[in-house]
Amino acid sequence: MSRSKLSPEVQSSLTRRSFIGRAASGTVIAAMGGGMFYALSDRLTREARAMSLEDGRPRLPPGQRALEALRPMGGTPGAPGITDFRLKIHGDVERPFELDWAGLLAQPQADLELDVHCVTGWSLLGAAWRGVRIKDLAAAAGLKPGTRHVVFEAAHGYTANVLLRHALDPNAIVAHRHDGKPLARPHGAPVRAVVPDLYFWKSAKWLTGIKFVARDEPGYWETRGYHNHADPWLEERYG
């Protein structure tokens with residue numbers, strides 16, 4: 001999810017809580033960035049609700065509806081080009097480093113089909129992503145004892161915090177391709193985080209840094225009332 005505010009029209013008619021509640025009810029989804037409303041796919045939702053994950057959880061978390069494509073959720077983009085791209089790996093690590101674009105592509109690449117779940121109530125299931133596992137970057141940096149949290153740093157000072165265990169999951173990546181194509185600018189180009197076990201606002205777009213820390217540092221949305229953990233299966237939308 002982006003930092004963009006709701007349009008004045010939506011702000012005047014919906015409080016934050018009622019907005020999320022209506023989005024999750026299955027009638028419409030309101031895009032946080034543009035006030036657009038998306039029709040939901042009943043067929044995909046029915047199919048998804050009949051599926052389970054390997055650990056027994058329903059594949060589709062409660063309050064979610066399945067869509068056919070990733071939805072842009074607004075925000076202020078960072079620089080789109082790769083010439084000046086830098087990804088800083090730092091914090092409580094033994095060997096901080098930076099990657100330019102060539103350095104990122106030189107890392108071991110992971111091709112994964114992942115489900116992502118937006119706090120506004122839509123989910124995209126089985127989308128193809130390509131990128132670098134965050135656990136590999138952590139291993140290269142060498143985490144110091146006591147590291148418990150990760151802060152994703154993005155353009156214009158945006159941050160999102162996650163527990164270390166979520167960032168080190170094999171499905172958590174720094175993604176640069178989606179559905180076989182370079183990541184589109186509205187979706188965070190040139191790279192974004194993808195942490196599929198948490199609501200999608202945790203998967204910061206226009207990523208510039210990954211900071212490993214001992215003490216939690218709540219991010220942009222967490223300091224504005226959204227849940228610090230953000231588990232979709234527990235519907236942890238609010239703090």
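Reader: Why does Asp-111 count as exposed?

Author: This is a predicted model, and in it Asp-111 has a relative accessibility of 55%. Exposed means over 50%, so Asp-111 gets that label.

Reader: What makes Asp-111 and Arg-130 a salt bridge?

Author: Their closest N and O atoms are 2.5 Å apart. The cut-off is within 4 Å, so the pair qualifies. Arg-130 sits in strand S7 and Asp-111 in strand S6, 19 residues apart.

Reader: And Arg-130, why is that one called partly exposed?

Author: Its relative accessible area is 27%. Buried would need under 20% and exposed over 50%, so Arg-130 falls in between.

Reader: How do you know that Arg-59 and Asp-115 form a salt bridge?

Author: The N to O distance is 2.8 Å, and the limit is 4 Å, so they count as a salt bridge. Arg-59 lies in the loop between H3 and S3 and Asp-115 in strand S6, so this pair ties together parts 56 residues apart in sequence.

Reader: Why is Asp-115 called buried?

Author: Asp-115 has a relative accessible area of 13%.

Reader: What makes Arg-43 and Glu-68 a salt bridge?

Author: Their side chains meet at 3.9 Å, N to O. That is within 4 Å, so the pair counts. Salt bridges that share partners also join Arg-43, Glu-47 and Glu-68 into one network.

Definitions and conventions:
Residues numbered from 1 in each chain as written. Predicted model: local features only at pLDDT ≥ 70, side-chain atom pairs only at ≥ 80, totals over all residues. Heavy atoms only, no water. Helix = DSSP H or I, 4+ residues; strand = E, 2+ residues; numbered from the N terminus. Buried < 20%, exposed > 50% of the residue type's maximum accessible area, 1.4 Å probe, protein only.
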